[in-house]
Every structure is written in structure tokens, then in C-alpha cells.
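Hi there,

Here is the structure I promised to pass on. My notes on its sheet and pockets follow below.

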Amino acid sequence: MWLDNIVLIRRKNGQLCVCVDFKDLNNACPKDDSTLPITELLVNTNTGFRTLSFMDDFSGYNHIKMDPKDEDLTTFRTPQGIYCYMVMPFGLKNVGPTYHRAMTLIFHDFLHNLIECYVDDLVVKTKDRRYHPHGLRKVFEKLHVH
């Protein structure tokens with residue numbers, strides 16, 4: 001059984017942040033070799049679109065449920081007791097590829113026409129700014145469903 005420790009990390013702004021040290025779990029897990037899109041190609045796919053909305057789905061991976069059989073791998077201890085994550089926690093080495101794959105599946109019918117995805121960053125794009133609110137609404141509705 002895994003039992004990770006919590007650690008205090010000082011952020012760049014000086015604030016302290018409580019994190020779970022997943023070093024041992026990350027060393028034991030194979031790396032997800034899923035490739036991320038090439039940034040330059042993503043930038044080029046936005047050429048010709050007049051209106052762009054950039055969105056950061058900050059901590060969106062926290063919406064991806066852990067497989068119940070893997071929850072015990074994220075077990076950590078605090079002075080108040082022992083806990084595990086039921087959603088994907090920050091700090092696992094495969095969070096980025098897993099989340100990007102989920103976003104690609106969610107937006108498969110919008111990709112390269114209405115939206116571009118790069119891990120947790122989204123760009124909603126339209127060629128005519130009159131239709132941009134409609135495009136944003138479609139993206140938000142899809143996000144709400146998932």
C-alpha cells in the first residue's frame with residue numbers, strides 16, 4: 001500500500017502551499033508517451049480567424065475521476081488521518097497527457113474549426129466576430145455536460 005507524505009512548498013510569490021509528495025509513485029509508474037501537439041502548428045491553425053478567446057482550464061484535471069482501483073495509490077497522511085484522492089491530483093507525472101487526451105475526446109467535433117486544445121489551455125476561434133458569442137456558448141455547454 002502506498003502512503004505518501006505532505007510537504008510544504010514555497011511558491012514564487014512567497015506563499016506556502018501544501019502538496020502531496022508523489023515522488024515514489026511517479027518513479028514506479030510508467031511515463032505516458034502520448035505526444036502533445038506541436039505548439040507552432042497550433043499557432044498556425046489560428047491564422048485567418050478574427051476573434052480568439054484564450055481560456056485556461058486551471059486545475060481542470062481535478063474533474064477527472066480516479067479509477068477506484070487506483071485511488072489507494074494516492075493515499076497520503078496528515079495529522080488528522082489518512083486520505084486518498086478520488087479525482088486526479090496535481091503532482092502525478094501523467095496528469096498533462098491524460099487531461100489533454102480527455103479534452104481532445106470532449107471537443108473532437110470542434111477541433112481545428114472552433115477550438116484548439118493544448119493540455120488545459122483552450123482557444124475558441126471564429127472568423128466572423130458576430131458569431132463568436134455563439135461559439136463560446138457551444139464550448140461552455142459542452143464543458144458543462146462533461
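How many bridges join strand 6 to strand 7? There are 4, and the two strands run antiparallel; strand 7 covers residues 121-126. Among the pairs, cysteine 117 has leucine 122 of strand 7 as its bridge partner. Strands here are DSSP runs of E with at least two residues, helices are runs of H or I with at least four, and both are numbered from the N terminus. Two strands pair if DSSP finds at least two bridges between them.

A word on the source: this is a predicted model, where local features need pLDDT of at least 70 and side-chain atom pairs count only at pLDDT 80 or more, while totals for chains, interfaces and linings use all residues. Residues are numbered from 1 along each chain as its sequence is written, and side-chain values use heavy atoms, without hydrogens and water.

The open sheet has 3 strands in the order 3-7-6, with antiparallel pairing. Strand 3 (51-56) and strand 6 (115-118) are at the edges with a single partner strand each, so one side of each has no neighbour in the sheet.

Now the pockets (on a 1 Å grid over the protein atoms alone, open sets of points where a 1.4 Å probe fits, with protein on both sides within 12 Å along at least five of seven lines; lining residues have an atom within 4 Å of a point). Of its 14 lining residues, Arg11, Cys17, Cys19, Tyr61 and Phe90 are the closest to the centre. Strand 2 (residues 16-20) gives the most to this lining, with 4 residues.

Best wishes
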